[in-house]
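Biologist: I would like to learn how to read charged pairs and helix contacts in a model of this kind. Could we go through them one by one, with the general idea before the particular case?

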Amino acid sequence: MNFKSEGDGEMNQSAGISHIAIIMDGNGRWAERRGLSRTDGHLEGVSAVVRIVKRASERNVKFLTLYTFSAENWKRPQKEVEFILQLPKKFLFQYLPELMRNNVKINILGDLQQLPYSTREALKHAVKKTAKNDGLQLNFALNYGGRQEILKAFETMKEEGIAFTEESVERYLYTNQMPEPDLLIRTGGEKRLSNFLLWQMAYTEFYFSDVLWPDFSNEEFDKALNEFNVRHRRFGGL
Ligand SMILES: CCc1cc(N2CCCCCC2)n2ncc(-c3ccc(F)cc3)c2n1
């Protein structure tokens, strides 16, 4: 199956959007409301990832960054953490061939040293296999924390004797090869950043949705993009 791209025929509504970041919240509540286990909620969340990756590619988004596991998520019950940290392997085993067919490039943001060996190996394989692809750049933030990222950049720069400027710091962040997010979408009703891309989102538009991530449809995604375009519509003015 190919992620069909909306050609120039239809006005490409997302012409101004290069990079979208998403905090995919609400998976546990989605399951609890249905009398299902939290792990069922995470699995439904994976299906929503596949759906929105395809939609982002169709809307000609160039970079899509997904917050899949925060540094704070380690505080969850051990069984749930163990289940979640197996999801990358499951996802890649099932979807990497299709992502390759659609020229998707996978990048990983975060500290992978604490992840299970088999998960780290699956991630390294996916990054290597998709490295030459030049379609949508799909960034997974795993064991990621914005404050930790900035502190790690400062420590490395200090060791290397690099002067701190906005440009030099950005070269030491996980996102050093990509533009800052134009739009942040957070699902699940909370309205906070949760230590995500703190340096990078200094000028990012925020879109908060009460929809729980597993229910986040193409229509909901399109509403966020269209809202961005309304906010950024310029009629020749400044
Ligand atoms: C590491 C925890 C985690 C959690 C998770 N959830 C759970 C939380 C949010 C909802 C989505 C499902 N997903 N979904 C895809 C991945 C994934 C990560 C890397 C990769 F290369 C490919 C896929 C994923 N990873």
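Biologist: Which residue does D25 meet in a salt bridge at 3.1 Å, N to O?

Modeller: The general idea is that side chains of opposite charge can pair when their charged atoms come close. In this predicted model, the side chain of D25 pairs with that of R186, with 3.1 Å from N to O. This pair joins distant parts of the chain, since D25 lies in the loop between β1 (19–23) and α1 (27–33) while R186 belongs to strand β5 (residues 183–186), 161 residues away.

Biologist: Are D25 and R186 buried or exposed?

Modeller: Both D25 and R186 are buried. D25 also meets the side chain of R29 in a salt bridge, at 3.7 Å from N to O, and R29 counts as partly exposed because its relative accessibility is 30%, a value that falls between the 20% limit for buried and the 50% limit for exposed.

Biologist: How many salt bridges are found in the whole structure, and which residues are linked with E32 in a network?

Modeller: A search of the whole structure gives 16 salt bridges. One of them joins E32 to R38, whose closest N and O atoms are 3.1 Å apart, and a network of salt bridges links E32, R38, R76 and E80. E32 is partly exposed because its relative accessibility is 46%, and R38, with a relative accessible area of 31%, is likewise described as partly exposed.

Biologist: How should I read the packing of two helices, and at what angle do α2 and α4 cross?

Modeller: One reads the distance and the angle of the axes together, and then turns to the residues in contact. The axes of helix α2 (residues 38–58) and helix α4 (residues 87–101) come within 11 Å and cross at roughly 25 degrees; because angles under 35 degrees count as roughly parallel, α2 and α4 are roughly parallel to each other. The crossing of α2 past α4 is right-handed. On the α2 side the contact is made by H42, L43, V46, V49, V50, V53 and K54, and on the α4 side by L87, F91, Y95, E98 and L99. By class, this contact has 9 nonpolar, 1 polar and 2 charged residues.

Biologist: Why does S168 count as buried?

Modeller: S168, which is placed in helix α7 (residues 166–171), counts as buried because its relative accessibility is 3%. Once neighbours within four places in sequence are set aside, S168 is in contact with M157, I162 and A163.

Conventions: Residues are numbered from 1 along each chain as its sequence is written. This is a predicted model: local features need pLDDT of at least 70, side-chain atom pairs count only at pLDDT 80 or more; totals for chains, interfaces and linings use all residues. Side-chain values use heavy atoms; hydrogens and water are left out. A salt bridge is a side-chain nitrogen of Lys or Arg within 4 Å of a carboxyl oxygen of Asp or Glu. Buried means under 20% relative accessible area, exposed over 50%, partly exposed in between (1.4 Å probe, protein chains only). Helices (H or I, at least four residues) and strands (E, at least two) are DSSP runs, numbered from the N terminus. Axes are lines fitted to C-alpha atoms, for helices over the stretch in contact, and angles run from 0 to 180 degrees between N-to-C directions. Angles under 35 degrees count as roughly parallel, over 145 as roughly antiparallel, 65 to 115 as roughly perpendicular and the rest as oblique. A crossing is left-handed if the near helix is turned anticlockwise from the far one by less than a right angle, and right-handed if clockwise. Contact means heavy atoms within 4.5 Å. Ala, Val, Leu, Ile, Met, Phe, Trp, Tyr, Cys and Pro count as nonpolar, Asp, Glu, Lys and Arg as charged, and the others, Gly among them, as polar.
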